[in-house]
Amino acid sequence: MNQEERTLLEARPDLAAIAQWVAPGARVLDLGCGDGALLRYLWDARQAPGYGVEIEDESVIACVANDVNVLQVDLESGLSLFADGSFDCVILSQTLQAMRHTEGILREMLRVGREAIVSFPNFGHWSARLQVALGRMPVSETLPYEWYETPNVHHCTIVDFEDLCRRIGIRIRERLVLHEGRPVTLMPNFLGSIAVYRCTAR
C-alpha cells in the first residue's frame, strides 16, 4: 500500500471496510465515486476492475487523472445503462443520505450487482441527538454541512436503514459500525457515527 492509499483509508475508515469485503478480481461499480480513489485502490490491492459513476465535472476529471473508468451520470435517473447482474459488487459510500429516491437506488444496486455495499453517517449518534435536543441541526465530522448548504436530503439512523432493508426484501449479510475509525459493538445506534453494510437480494 502506497502513502496515498494509506492516507485515503485513514481519512475514510469506511472505505477500508468496503475494500475488505470486495473479493479479488470482483467486477465493481462505485456510485458517486468522487475522484476514483477507492476504485484505484481496489484495482491495486484486489485486482478488481471497476467503473465509477459521478456527476460532478471536477470529480470526473480527477477520475480520468487517476486512470479510473468513469461515466458521468446522474444517479437519480437510475442505472438503466447497466444490464442485470453486470457487476459482482456495487458500492454506495456515504452518498445514500444525498439520494432523493433511496429505495429505488438500493433496488437498482441489487439489480445490476450480486452484492451491494452501503455506508452512511448515522444520524442516531449521540452527538447528533444532543444537538437536535438543544434545538440545532447536527454538524460533525461525519455530517460536516450546515443545514442551509447540505447536499443531504434523507438522514437516517442504523435502525431506520435496517427497517428499510426488511421492508423491501434486502438481506443484510454483514454490518460494521465505526466511530473515529474504531469498531463499535456496544449500543451501535447510539455510539457509532458511520455504518457500513454488505447486502444481497433475498
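Tutor: Let's start with a term. On a 1 Å grid over the protein atoms alone, a cavity is a set of points where a 1.4 Å probe fits but cannot get out, and its lining residues have an atom within 4 Å of a point. The model here is predicted, with local features needing pLDDT of at least 70 and side-chain atom pairs pLDDT 80 or more, while totals for chains, interfaces and linings use all residues. Residues are numbered from 1 along each chain as its sequence is written, and side-chain values use heavy atoms, without hydrogens or water.

Student: How much space lies in the largest cavity?

Tutor: Grid points are joined across faces, edges and corners, and a volume is the space filled by probe spheres set on the points. By this rule there is one cavity of 30 Å³ or more. The space in the largest cavity is about 40 Å³.

Student: Which element gives the largest share of the lining of the largest cavity?

Tutor: Helices (H or I, at least four residues) and strands (E, at least two) are DSSP runs, numbered from the N terminus. Among the residues lining the largest cavity are Leu106, Met109, Leu110, Phe161 and Cys199. At least two lining residues come from each of H5, E5 and H7. The largest share, three residues, comes from H5.

Student: Which residues of helix H5 are buried?

Tutor: Buried means under 20% relative accessible area, exposed over 50%, and partly exposed in between (1.4 Å probe, protein chains only). Within H5, residues 102-112, the buried ones are Thr102, Ile105, Leu106, Glu108, Met109, Leu110 and Val112.

Student: In what order do the eight strands of the open sheet stand?

Tutor: Two strands pair if DSSP finds at least two bridges between them. E3 and E7 are at the edges with a single partner strand each, so one side of each has no neighbour in the sheet. The pairing is mixed, and the order is E3-E2-E1-E4-E5-E8-E6-E7.

Student: Which residue of E4 is the bridge partner of aspartate 30?

Tutor: Asp30 is buried and points the same way from E1 as Val28, with Leu29 and Leu31 pointing the other way. On E2 (residues 50-54), joined to E1 by four bridges in parallel, aspartate 30 stands opposite glycine 52. E1 and E4 also run parallel, joined by four bridges. In E4, the partner of aspartate 30 is isoleucine 91.

Student: And which residue of E3 is the bridge partner of glycine 52?

Tutor: E2 and E3 run parallel and are joined by four bridges. The partner of glycine 52 in E3 is valine 70.

Student: What is the relative accessible area of aspartate 67?

Tutor: Most residues other than glycine have a negative phi. Aspartate 67 has a positive phi near 60° and sits in the loop between helix H4 (57-65) and strand E3 (69-72). Aspartate 67 is exposed, and its relative accessible area is 63%.

Key. On a 1 Å grid over the protein atoms alone, a cavity is a set of points where a 1.4 Å probe fits but cannot get out, and a pocket is an open set with protein on both sides within 12 Å along at least five of seven lines; lining residues have an atom within 4 Å of a point.
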